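Please walk me through this structure as if I were seeing it for the first time. I would like to know how its pieces sit against one another.

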Amino acid sequence: MIIYACVPILSLLVQFRDMKKLSPFSLVADVANLMGLSCVIFQDFEYNTHSDTIQAIDLTGFIYVTSVCIYSLEGVGLILPLESSCANREGFPKLLKQVVFGITIIMAIFGVCGYVAFGDQTLSPISLNLKGQSAAFVQMALCLAIYLTYPIMMFPVSDVLENLFLSDSKLPPRRYCPSRTFRICIVLMTATIAYTIPNFGKFLELVGASICTLLGFILPCIFHMKVFPRSELKTWEYTLDILLIVLGTIFGLIGTFDAILKLMESDEEVV
């Protein structure tokens, strides 16, 4: 099985305890991502042959689209490790805003071009709409990007889980064999979950509506209110925290329920 064939190398990469050592892999992943996205955009213009009426607004898929968009917040746990690994930590907030803004623009263009090209026949993922060698190239590029991004995304996860389950050990990390075994087990567990997922698009909706809504909206506001006393917060800051917690909770419950219902339906691609 291809998924489990990826486990050995990933098991080695997740052993790195310094984010800087993973930067070459991140660079290759970024290049592969850009190549794949660029190829898809070019193919969008080539396959723009449908006769469907393009709708500017279609609320029937609002929950699904919003959940998948929120799924992009799954990397929020990398902010602190990335900041600590920066040479100029003072300039990190500005750099973070620029990167988020740039990625948002690229993803918006990518999504609009895909829908304009294929209309109601747009599949999830969009690589299913492509044909021939271009489809194979895009799939290889995106698979390589995901593969090399995995150890980076698991960096904070491994640290948190180790502190949670292995914090009682007094042995140095480099000699702590259970820690290495524990990380290998995490890789095996995630590979098993990926193998058993019936529909990737529906799974993204579930993760976005539940976990990512919690990480991106609810928990940051709760932490903000815990760190700063009510007397130090401005009225609009406190109101915004409460509003995001309430709206995040409501959408999280509705989105999670909707995603579970879709997972229980017949295994068809979400359009």
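The buried residues of helix H6 are covered by, among others, helix H3 (23-46) and helix H5 (79-85). Here helices (H or I, at least four residues) and strands (E, at least two) are DSSP runs, numbered from the N terminus. This is a predicted model, in which local features need pLDDT of at least 70, side-chain atom pairs count only at pLDDT 80 or more, and totals for chains, interfaces and linings use all residues. Residues are numbered from 1 along each chain as its sequence is written, and side-chain values use heavy atoms, with hydrogens and water left out.

Which residues of H6 are buried? They are Phe 92, Phe 110, Cys 113, Gly 114, Ala 117 and Phe 118, where buried means under 20% relative accessible area, exposed over 50%, and partly exposed in between (1.4 Å probe, protein chains only). An α-helix has 3.6 residues a turn, so residues three or four places apart point the same way. H6 covers residues 92-118, and its 27 residues should span 39 Å at 1.5 Å a residue; the end C-alpha atoms are 39 Å apart, which agrees. The expected span is 1.5 Å times one less than the number of residues in the helix. After H6 comes Gly 119, with a positive phi near 60 degrees.

Now turn to H3. Its buried residues are Ala 29, Ala 32, Gly 36, Leu 37, Cys 39, Val 40, Gln 43 and Asp 44, and they pack against H6 and helix H7 (132-165). The 24 residues of H3 should span 34 Å at 1.5 Å a residue, and the end C-alpha atoms are 35 Å apart, which agrees. In the loop between helix H2 (7-13) and H3 you will find Arg 17, which counts as partly exposed because its relative accessibility is 34%. The C-alpha atoms of Arg 17 and Pro 156 are separated by 9.7 Å, although the two residues are 139 residues apart along the chain.

Let us move on to helix H4 (residues 62-71) and helix H9 (residues 200-227), which pack at an angle of about 60 degrees with their axes 7 Å apart. Axes are lines fitted to C-alpha atoms, for helices over the stretch in contact, and angles run from 0 to 180 degrees between N-to-C directions. H4 and H9 are therefore oblique to each other; angles under 35 degrees count as roughly parallel, over 145 as roughly antiparallel, 65 to 115 as roughly perpendicular and the rest as oblique.

H4 also packs with helix H10, at an angle of about 110 degrees and with axes 10 Å apart, so H4 and H10 are roughly perpendicular to each other. In this contact (heavy atoms within 4.5 Å), Ile 63, Tyr 64, Thr 66, Ser 67 and Ile 70 in H4 meet Phe 251, Ile 254, Gly 255, Asp 258 and Lys 262 in H10.

How do H9 and H10 (residues 235-264) lie, and at what angle do they cross? Their axes come within 8 Å and cross at roughly 165 degrees, so H9 and H10 are roughly antiparallel to each other.

Finally, step back to the whole protein. There are 10 helices and zero strands, and buried residues make up 31% of the 271 residues. Of the contacts with a separation of 6 or more, 80% are between residues 24 or more positions apart.
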